[in-house]
Amino acid sequence: MKDIRLYEQILEIERPWQVERVSLNKERKELEVEITFKVRFWACPECQERMHILWI
Ligand SMILES: [Zn+2]
């Protein structure tokens, strides 16, 4: 988990983007960094209008 935070700092990744996984591909001598975009939308139960975004 510490490593993931470190890569986020190095790559300057900020919310809602976040590093999901980091793995070393020894065959190709590559470091794979998987980045995801995590947001959750809430809608009004009456009119279905989008209310706000919750960063997770
Ligand atoms: Zn409403």
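Reader: Where is the place of Lys-29?

Author: Lys-29 sits in the loop between S1 and strand S2 (30–37), where helices (H or I, at least four residues) and strands (E, at least two) are DSSP runs numbered from the N terminus. Residues are numbered from 1 along each chain as its sequence is written. This is a predicted model, in which local features need pLDDT of at least 70 and side-chain atom pairs count only at pLDDT 80 or more, while totals for chains, interfaces and linings use all residues.

Reader: Which residue just after H1 takes a positive phi?

Author: Just after H1, Glu-12 takes a positive phi of about 55°, and this residue is found in the loop between H1 and S1. The loop between H1 and strand S1 (17–25) also holds Pro-16, which is joined to Arg-15 by a cis peptide bond with omega of about 10°.

Reader: Is Glu-12 buried or exposed?

Author: A residue is buried if 20 or more other C-beta atoms lie within 10 Å of its own, exposed if 12 or fewer, and partly exposed in between, with C-beta atoms placed from the backbone. Glu-12 counts as exposed because it has 7 C-beta neighbours inside 10 Å, and Lys-29 is exposed with 7 other C-beta atoms within 10 Å.

Reader: In what sense do S1 and S2 pair, and over how many bridges?

Author: Two strands pair if DSSP finds at least two bridges between them. S1 and S2 pair in the antiparallel sense over eight bridges, and the bridge partner of Arg-21 in S2 is Glu-34.

Reader: With which residues is Val-22 in contact, leaving aside its neighbours within four places in sequence?

Author: Two residues are in contact if their C-beta atoms, placed from the backbone, lie within 7 Å. With those neighbours left aside, Val-22 is in contact with Asp-3, Ile-4, Tyr-7, Leu-31 and Val-33. Val-22, in strand S1, is partly exposed because it has 14 other C-beta atoms within 10 Å.
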